[in-house]
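Subject: Structure for your review

Dear colleague,

Please find below the structure that I am handing over to you.

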Amino acid sequence: MTETVLITVRLPQALADAAQAAASAKQVSRSNLLRIALEHFLGTISGTSEQDRRRQFSSEYLFLVADLIVQRQYPDVHTALITEAETRMEAVCAAS
């Protein structure tokens, strides 16, 4: 079992009541509900939420589809496009 740390938090009564109601509805302890909520929130603000992963997957998929179309329908410009994309990416990364 992982080590746990006790943290005391003061909440407005309405938020505490809502947390208790949600915990009861989900049949989990209030402590576990708050732990799950905090993990979800931290994942969201760090960019690793389910929605962020879906967006990243969709972007990658679209890029792959475009690359495949260019490779098959415009093979003569494919290498030039890849080279230009690398040049632009290096410029963006150098600027940040």
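Predicted model: local features only at pLDDT ≥ 70, side-chain atom pairs only at ≥ 80, totals over all residues.

**The pockets**

Residues are numbered from 1 along each chain as its sequence is written, and side-chain values use heavy atoms, with hydrogens and water left out.

A pocket here is an open set of points on a 1 Å grid over the protein atoms alone, with protein on both sides within 12 Å along at least five of seven lines; its lining residues have an atom within 4 Å of a point. The largest pocket holds about 750 Å³ of space (the volume filled by probe spheres set on the points, which are joined across faces, edges and corners). Helix 1 (13-26) and helix 2 (30-45) each supply at least two residues of this lining, and helix 2 gives the most, with nine. Helices are DSSP runs (H or I, at least four residues), numbered from the N terminus. By type, the lining comprises 13 nonpolar, two polar and four charged residues (Ala, Val, Leu, Ile, Met, Phe, Trp, Tyr, Cys and Pro count as nonpolar, Asp, Glu, Lys and Arg as charged, and the others, Gly among them, as polar).

The second largest pocket contains about 250 Å³ of space. Its lining includes Phe 63, Asp 67, His 78 and Leu 81. Helix 3 contributes the most to this lining, with five residues, and the division is seven nonpolar, one polar and one charged.

**The surface**

Phe 57, Tyr 61, Leu 62, Val 65, Ile 69, Tyr 74, Val 77 and Leu 81 form a nonpolar patch with about 790 Å² of accessible area together (Shrake-Rupley method, 1.4 Å probe, with only the protein chains shown counting as cover for residues). Patch residues have over 30% relative accessible area and no salt bridge, and nonpolar side chains are joined within 5 Å; a salt bridge is a side-chain nitrogen of Lys or Arg within 4 Å of a carboxyl oxygen of Asp or Glu.

**A loop residue**

Gln 27 lies in the loop between helix 1 and helix 2. Gln 27 has a positive phi of about 60 degrees although it is not a glycine.

Yours sincerely

Key:
Patch = residues over 30% accessible without salt bridge, like charges linked within 9 Å, V, L, I, M, F, W, Y side chains within 5 Å. 1 Å grid on protein atoms, 1.4 Å probe; cavity = no way out; pocket = protein on both sides within 12 Å on 5 of 7 lines; lining within 4 Å.
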